[in-house]
Structures are given as structure tokens and as C-alpha cells.
Protein chains: 2
Amino acid sequence: MRATFLYGAGDVRVEDAPDPVLRHPTDAIVRVVRSCVCGSDLHPYHSMPASGQGTPMGHEFLGVVEEPGSEVTGLTRGDLVVSPFAYSDNTCEFCREGLHTSCRNGGFWGNGNGDVGGAQAEAVRVPQASGTLVKLPGVGEDSPLLPSLLTLADVYGTGYHAAKQARVNPRTTVTVIGDGAVGLLAVLSAKQLGAERIILMGRHEDRTDLGREFGATDVVAARGDEGIAEVRELTGGDGTHTVLEAVGHMSAYDMAVGVVRPGGVISRVGVPQYEQAPVGFGSLFGHNITSTGGPAPVRAYIDELLPAVLDGAVDPGKVFDLTVDLDQTPDGYRAMDRREALKALIKP
Amino acid sequence: MRATFLYGAGDVRVEDAPDPVLRHPTDAIVRVVRSCVCGSDLHPYHSMPASGQGTPMGHEFLGVVEEPGSEVTGLTRGDLVVSPFAYSDNTCEFCREGLHTSCRNGGFWGNGNGDVGGAQAEAVRVPQASGTLVKLPGVGEDSPLLPSLLTLADVYGTGYHAAKQARVNPRTTVTVIGDGAVGLLAVLSAKQLGAERIILMGRHEDRTDLGREFGATDVVAARGDEGIAEVRELTGGDGTHTVLEAVGHMSAYDMAVGVVRPGGVISRVGVPQYEQAPVGFGSLFGHNITSTGGPAPVRAYIDELLPAVLDGAVDPGKVFDLTVDLDQTPDGYRAMDRREALKALIKP
């Protein structure tokens, strides 16, 4: 089959690779119908040291079950499924608590995780298939809903996680930092949870326009201290009750601290590109700021988010503004890296 | 009057000072009946640079209203009152949300806050007296309940804040880091909120014994990696759902990260002696750890905690194991600094 590998910063290659095979009776082999490039793929795309061995890429996909392992239940050959960006057994105590990204038998696709391949490929081996995959009954391989359904694999569930962890509700004001796919879907999620005031910090007008369509009431294009001042001005000087940080860079953390209201919550879903950050009296502690977030257990949210996608009430798939064939995947990375595309859909 | 000032590390002096006078019609002058030395007073006692000008000390007290300002309502000369360690108007939106430590018209006693004196004194001017002071009807100046009532000014409410912010409940396991007064009262608070498993990390046996009396089910005397390993062993390898950090040093933060369960909460009420700390993928983010806490809005908790103190159901005053006269206040600091006393009560 053809599959995508990263060999170092800027060096994405689509190559021939062995077809995936079952290794455990709980695995399934899935033919990929749609996958995509994630904003988080751009982090290694910027910084990974060159290597002779490629890292398999891709962790978001819709697919068709080709071969379920002998212990896989609830899935049949031919089922169209969506897969969360982390696999999980959906039965351990962490999964039962809705924290599938800390599953005792779980893990992540691609990105160097050894024996599990990436989803920017023609097929993928899915560990813990019964717990991981969610069937999409009635949806065909040519459904116009595919882009929106694909967002359930990561970016929509991740934006929703940010908003849920922050306890967004009709009484909370919200700032979303970042106009990437996760930021925009954090806006949509905050709107769905009832927020009436949603300030989107982003400087790409085509993206922030989509943010307004998803529910943003205000857009702040400025960054740093100037951006902080604008958000404070919009909120009577106090900042917002919740801040959904969907970038992961230190500058975004600093902005989050700058715009959060005393007693408020910073909810981070952008993968932190830093380990240390200010948390002391002058940043979080002095005004009882809560910091929360992490890798989104999107598996926990699919059942909740699916109906509105299926009935067309929401259209999160609008974040895809470029479609490429699998062999053109490097073009998708390049376009996203240059901010020429918001998010690239891949058709194997 | 006599009042306590800190002139530099280790240099506490009780001196003659001008009697406090009303400055605003919302002030009240209160004669101090009991005050005490706080664990947080030990931070400047360790590190404050020498100065020719003393910093007024003390922020916990019971007192008798001597002179209410013309706009003070609800308080009469002669009322016995307890005062939170922060003053607040109890009417602004932050106070109405229960975040009195971020009150728009609030502030802190002593510790360099300029025009407001300290409570380790014979009397103190109380700003925003109507919002700040809570009457203790039926309690006399010689009541045996005074020590327990005094803990409502800070350490009990602070321990309770840690537990409330962490959302301790009967289903959450708890680690409390620190066997000072706040840590021990965090144990009591966790017990009151229904926690069935409370692990106390502390190495002073007389204190951890009191912790057991307050509700700790396990005591871990080891610190650092060894202490972390012991807590993990006690919890099947996973750590506890909540960690109440009542110390404020970086080593306590690191232990909190080490013993918190995936998806869990670290609730900090020890005043951080650091600004930067690990929060990235390898510490908080990777397993969706929430970090919360800050200066406790103890005013918000007094009404809730008072009844059990008045009827003797709890006896948080047991944290006081030394009583000194006002002029002996430096002995109280010294004894606490040497860990010869847990908490020193001051009788002016």
C-alpha cells in the first residue's frame, strides 16, 4: 500500500509500505476512506531531526472495516467507521470515566509509536478495534457528510474537550486563542454549550470569518500585549471566564494568562511546545486561575456530537479547504504550513 | 498600642505603634482578642531583606468592634467578630461569586500593604468592615471555642478551599501534601466533604497523628521520589484523584505532579515560592491534569463552616499547640520556624 512518512523537518514522503496485518485478535484492518493533516503534524514537520527511518504519519480517519480480528465484537467487514486519534479499549476505568486518552491499553497512531502505523495511508491496523471504532450506519463512502464526520476523529472533539473542560455554559464568557481548525471548532463547541460571548483571537480573516459563522461574536486580530489589551477592553477590563487555548506555543499561554478573568479557567488543547510556564502568584495563583486540558478523549464525545453532524445542524467539515490525493499529501503539509490552507483532506 | 513588625529575615519586633484610626466611613476599629502566626508569615521570616522600616505582620484575628465607621452596617460596638485574612466588600461581582480574594475593593492585611496594619497587634483598622467581619453571637471573650473560631480566619478556610476547588467528594481519593496547619485542616475538610481515602504526606509524627485524628487514613513520611513511589503503591500505581498542596515550595509541586492520577486535580493553597513550573506534556498536559487553587476566599466559607465549630462537631483549633502573649510573638515565630510549634496563638 501507499503510506505517508516524515523523515525530518519539511520532508514528507508517500511511499510503498507493507500492507498492515492483524497482530492481535483485538485488532482490525481498516481501509482508509478519508484522512487528513493535523495542525499537530506541523510541529514535527517544523522541528523533527532528519532520520533515515521515516515516522508514519496521520491519526484522523474514516474507513471501512476490511478484516476484524477474531476477538473483535460489534464490527463487521464493510462497516464504515470513524476512529478517534487515540485507540482505547473503552472498558478500563479511565475509559469508563471518559478519559480514553489515558486508557490502560490505549495509544496513539503514527508519530513514532512503533508498531502502529499512520492513517495518512491506504490502510491501517487498528488496535483495540471494538473499543476504538465507531460505526456510522447509513453513511456511504460518497456521502457529503464525510468531511464533517472526519472532524469527529480529532479537531471537533478536541475543540469540544476544551470547552467542556472549561465548563463553558450560558453564563460564561469565552476567549478562543487560535484560528486553526481546533480553535474554530472550539468556537462552535462553546456556542453549542450556550456561550453568548465568544471572542476569537486570530489574524487570518478567512478563518476568523468562518469563526464568526461558527458563533464568534468578536474577533481580535492583534496578538501579545496588544491582543490582551483588546480582549480586556471588550470585557470591561476583567477578561473572560474561560479561555480555550488551541495553539500550544508559549506566546499563546501568555495570552491566555493575560485575558483570563479572576477565578476563571484556561483550558489547553494545543499540544504544548514548552514544559515550563508561569503558574505562580503573578500568573495563575494570585487570582485563583484554573488550568486544565490535555489530549482530548474524543471517543467520549463522538456519541454526543454525532447526531447534529448527521442531521446537518452543524457543519464542522467547513474547516477543510483543500483536498488532495494520498500521493499529494506533502502538498497538503506545505499548504497548511504556509497558511495557504486551513486543513487538508486526503482521499486515498 | 503594641504591634508586631518584621524588619528582615528572622527579625520580628513588637513595638509601640500609633493606635489605628478610622480613615474611611466604611472602616471599623477592632480590638484584637486573639491572633496568631501563619505558616505564610514564615516565608518573609526566612527571606525578607533587612529594612529600616518594619512591615506590619498578622492577618488572622478575632476581635471586638470598638468603633464602627459611620457607613458600617450590621456591626455594633462590642460585637465579637472573626475576620478573614483578606478584607472585601462582600457586594462586588467577584464577592457574589465567592471569590472575595479578588474583591474590587478588597486587599490584605499587613505584609507591606501600606496603609493597613497587621493583626499581630492590640488593635487593627478593618477596611470594608461590613463586608469583611462576621459576628459570632453568643461567644464570649473567654470561650474555649476561640482557637477553633480563629482558624476560620485563614487556615481552616484555606484547607477547605483546597478541597472544594479540587471537588473532593466521596468518590475521590485524596493526597494532602504538607503537615502544617493548612495541610491538616485540608485533611479535615476532605473528610467533611466525604472522602474515604486521605493520604497525608508529612514527616512530623505529632502532626500526622493529629492528621489521623482529623481523618487521614494513611501517612507517608517519605518525600520526593520515594514519597511519590509510596503514594503510588498505596493507590495501585495510579495516584489519587485529587492532591491538596499546602506547602508552596517547588518540591511540593513536583510531588503533587508525581502523585496525581490521570484526569485528576492538583489544588494549590500553599503560597507558591516559585513562578515557573512544569505544565507541559510530561507533567500536567499529557494526562489531562487540572491545576487549580489560589488565595482562599475564606469569607465565602465562614457561614458554611461555622455551625460545626460552634456545636463542637469539629475542633480545628487543635492546630494551636503554643500560646504566647503579644510581646512574646517573636518566640512564636521562632518556635514555628524550628518546627517546635505547629501554630502559635497570640493573646494580646
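A charge sits over a ring if NZ of Lys or CZ of Arg is within 6 Å of the ring centre and within 35 degrees of the ring normal. In this predicted model, local features need pLDDT of at least 70, side-chain atom pairs count only at pLDDT 80 or more, and totals for chains, interfaces and linings use all residues. Side-chain values use heavy atoms, with hydrogens and water left out; residues are numbered from 1 along each chain as its sequence is written, and chains are lettered from A.

**Charges over rings**
- The charged end of B:R13 sits over the ring of B:Y7, 3.8 Å from its centre.
- In chain A, the charged end of A:R13 sits over the ring of A:Y7, 3.8 Å from the ring centre.

**Aromatic pairs**
- Rings of Phe, Tyr and Trp (its six-membered ring) pair if their centres lie within 6.5 Å; planes under 30 degrees apart count as stacked, over 60 as edge-to-face and the rest as tilted.
- By this rule there are 14 aromatic pairs over all chains.
- A:F85 and A:F108 are stacked, because their ring centres are 6.2 Å apart and their planes are at 20 degrees.
- B:Y160 and B:Y301 form an edge-to-face pair, 5.3 Å centre to centre with 75 degrees between the planes.
- Ring pairs also link A:F61, A:Y87 and A:W109 into a cluster.

**Burial**
- Buried means under 20% relative accessible area, exposed over 50%, and partly exposed in between (1.4 Å probe, protein chains only).
- A:F85 is buried, at a relative accessible area of 10%, whereas A:F108 is partly exposed, at 27%.
- B:Y160 and B:Y301 are both buried.
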